[in-house]
Amino acid sequence: MPILVYAESDQKIFKKSTQELISFARAMADQMNTEVVAAVTQDASSANLGQYGVHKVLHLNNASLATFNAELVAEALSQAARATEATVVVVSSSANSRYMAPLLAVSLDAGYVPNVVGLPTSYEPLTLPHNVFTNKASAHTALKSGTCVIGLSKNAFGVHPYDTNAEITQHNPELSASSLEVVGTDKASNKVMIADAEVVVSAGRGLKGPENWGMIEELAEVMGAATACSKPVSDLGWRPHSEHVGQTGKPVAANLYIAIGISGAIQHLAGINSSKVKVVINTDPEAPFFKAADYGIVGDAFEVVPDLIQKLKEFQAQNA
């Protein structure tokens, strides 16, 4: 009984999170002496998935899947799981998968564990380590259901190349009419997308206005990072809502999260708590963010950030 992975893609390009999912699933499959099957809803470079450990790629052919619809994707994956007799389905922690996964679990009568941060600690029963209480605590959950859905946290496992020849097959799911209607999709214009970023540079009202965001974008460009913002900033219209991170925005689990001029409201901290290293730059030494940060700089962003950009450029030039 194989492990089924939902291989998300964007504009026919597989996301880095998909590579991580497959690496995770392959490590599980080796322990369970089984195979990894990747379910694909768009015509992306499927053959390349073999280099991360996929044995078989299952193309889900249905015109209704061209645009993401949580109900239809859940129904298609449910049919794929039954067709392949998969008892484990692995999905990412993207906004789309978090929306879709509970629907999939209900369809499969499966247990669902989100925010998984490592391989199972036991396989009989399947016991998974995961974060709870907005990443303030951890738990180990044992699943007694015959089928389970695993939501893997971003950057929890990493990408591990595993050279395999992937067999590509076709599957034609029969989908019912959806109660959801997708009326449009807004694409963020970031050079590096928040969901896939290893480094995120975020700023808040301490920047005083949208006209000062140039230095944030320059710092992000130097670091190869994505730009983000706090909720008040997006509410004020200084930055697009696609950049809003936090509990009510996009969750961030970057390797490095830099917060500039953000005080650290509890909702913001809850959404970025999974980031491995957190750095804060703020003039207020009593800002709540300092208690959550790994490193902090008490100083004026308009002085600190330009100096930081200059030092990074000098460092890159020396190591070119």
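Helix H4 (residues 214–223) lies across S13, S14 and strand S15 (256–260), running at about 175° to S13. Here contact means heavy atoms within 4.5 Å, and axes are lines fitted to C-alpha atoms, for helices over the stretch in contact, with angles from 0 to 180 degrees between N-to-C directions. On the sheet, H8 also packs, touching S15, S16 and S17, and its direction makes about 130° with that of S16.

This is a predicted model, in which local features need pLDDT of at least 70 and side-chain atom pairs count only at pLDDT 80 or more, while totals for chains, interfaces and linings use all residues. Residues are numbered from 1 along each chain as its sequence is written, and side-chain values use heavy atoms, with hydrogens and water left out.

Let us look at the sheet itself. It is open, with five strands in the order S14-S13-S15-S16-S17 and parallel pairing. Strand S14 (226–229) and strand S17 (295–298) are at the edges with a single partner strand each, so one side of each has no neighbour in the sheet. From one strand to the next, the twist averages 15°. Strand S13 (residues 199–203) is joined to S14 by four bridges, and Val-201 has Thr-227 as its bridge partner in S14. Two strands pair if DSSP finds at least two bridges between them; helices (H or I, at least four residues) and strands (E, at least two) are DSSP runs, numbered from the N terminus.

Next come the spaces. On a 1 Å grid over the protein atoms alone, a cavity is a set of points where a 1.4 Å probe fits but cannot get out, a pocket is an open set with protein on both sides within 12 Å along at least five of seven lines, and lining residues have an atom within 4 Å of a point. Grid points are joined across faces, edges and corners, and a volume is the space filled by probe spheres set on the points.

| Space | Volume |
|---|---|
| Largest cavity | about 30 Å³ |
| Second largest pocket | about 440 Å³ |

Of the 26 residues lining the second largest pocket, Arg-205, Ser-230, Gly-261, Ile-262 and Ser-263 are the closest to its centre. Elements that each supply at least two lining residues include helix H5 (231–235) and helix H8 (301–318).

The largest cavity is lined by Lys-16, Ser-17, Glu-20, Lys-154, Asn-155, Ala-195 and Asp-196. Glu-20 is also among the residues that Ser-153 touches, leaving aside those up to four places away in sequence.
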